[in-house]
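Visitor: I'm new to this one. Could you take me through a close look at a single part?

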Amino acid sequence: MHRSWLRNSKPGDREYDAGVRQFINFAVKNSGGREKLPCPCHKCHSLLHKRVDEILNHLTKFAFDNTYTCWIWHGEKMDETHVGKLKNSLFEEENVVEGDNLEDMLHVAQDKFNDDPSKFERL
């Protein structure tokens, strides 16, 4: 699936708007009928669950998190291509600081609450 719009456009651009529509269609199709989905805007980083109309509003206001290229929180399977790119990008960077991996830990915790996202948000 073509995703250059993530890096090459901004909210309001025709290419960006088409990419957001493509993403929303993909996310809804893979939502399992859930009313709220992780919001991939630059502010929420897929940690907060929102209704589709709220997600569209956020993507217009705050832009799509352009580091979120494999949509694993919206039903996409991580294939070997994504894994290889991730490994290569980590080894190519100089002075990589691992940090505390807080975002990764939050996503693991979020997975435990897939059946009740509001419980995760309250947590």
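Visitor: Let's take the cysteines, then: how many disulfides does the count come to?

Guide: The count comes to 0 disulfides, where a disulfide is a pair of cysteine sulfur atoms within 2.5 Å. Before we go on, this is a predicted model, where local features need pLDDT of at least 70, side-chain atom pairs count only at pLDDT 80 or more, and totals for chains, interfaces and linings use all residues. Residues are numbered from 1 along each chain as its sequence is written, and side-chain values use heavy atoms, with hydrogens and water left out.

Now for the cysteines themselves. Start with C39: the closest cysteine sulfur to its own is in C41, 3.8 Å away, and that is too far for a bond. C39 is also buried, at a relative accessible area of 0%; buried means under 20% relative accessible area, exposed over 50%, and partly exposed in between, using a 1.4 Å probe and protein chains only.

C44 isn't in a disulfide either, as its nearest cysteine sulfur, again that of C41, sits 3.7 Å off. Like C39, which has a relative accessible area of 0%, C44 counts as buried, with a relative accessible area of 4%.
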